[in-house]
Amino acid sequence: MHYVYIVQCVDGTLYTGYATDLDRRVVAHNAGRGAKYAASRRPVSLVYFESFDSKSDALKREHELKRLSRVEKQALVATAATA
């Protein structure tokens, strides 16, 4: 399984990424072994994710999500939280 996820950093910013193991990836972010951006803004918490059967589909979706504005990402996170 392939995942695209959004974590919220301690400073309130959002980071979007790709992973094959969500739990391990969030642990890595919080241990400072994830992306440089999130490593300096720990702890992070998982606020949104989507799963895909193919890596290609997941990476395409990651690209789409990274192009969204902060407001659009927040709306996506809020919609998922109420679902």
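View 1. T16 is part of strand 2, which spans residues 14-19 (strands are DSSP runs of E of at least two residues, helices are runs of H or I of at least four, and both are numbered from the N terminus). With a relative accessible area of 3%, T16 is buried (buried means under 20% relative accessible area, exposed over 50%, with a 1.4 Å probe and protein chains only). Leaving aside residues up to four places away in sequence, T16 touches V4, Y5, I6, E62, L65, K66 and K73, where contact means heavy atoms within 4.5 Å. The side chains of T16 and K73 also make a polar contact at 3.4 Å (a pair of N or O atoms within 3.5 Å, one able to donate a hydrogen and the other to accept it within protein, residues adjacent in sequence counting only if both atoms are side-chain atoms).

**View 2. The two sides of helix 1.** In helix 1 (residues 22-30), L22, V26, A28 and H29 are buried. These residues cover an arc of only 160° around the axis, and therefore lie on the same side of helix 1; the arc is that of the directions from the helix axis to the C-beta atoms. D23, R24 and V27, on the other side of helix 1, are exposed.

**View 3. The ends of helix 1.** D21 caps the N-terminal end of helix 1, with a side-chain oxygen 3.3 Å from the backbone nitrogen of D23. Just after helix 1, G32 takes a positive phi of about 85°.

**Notes.** Residues are numbered from 1 along each chain as its sequence is written, and side-chain values use heavy atoms, with hydrogens and water left out. In this predicted model, local features need pLDDT of at least 70 and side-chain atom pairs count only at pLDDT 80 or more, whereas totals for chains, interfaces and linings use all residues.
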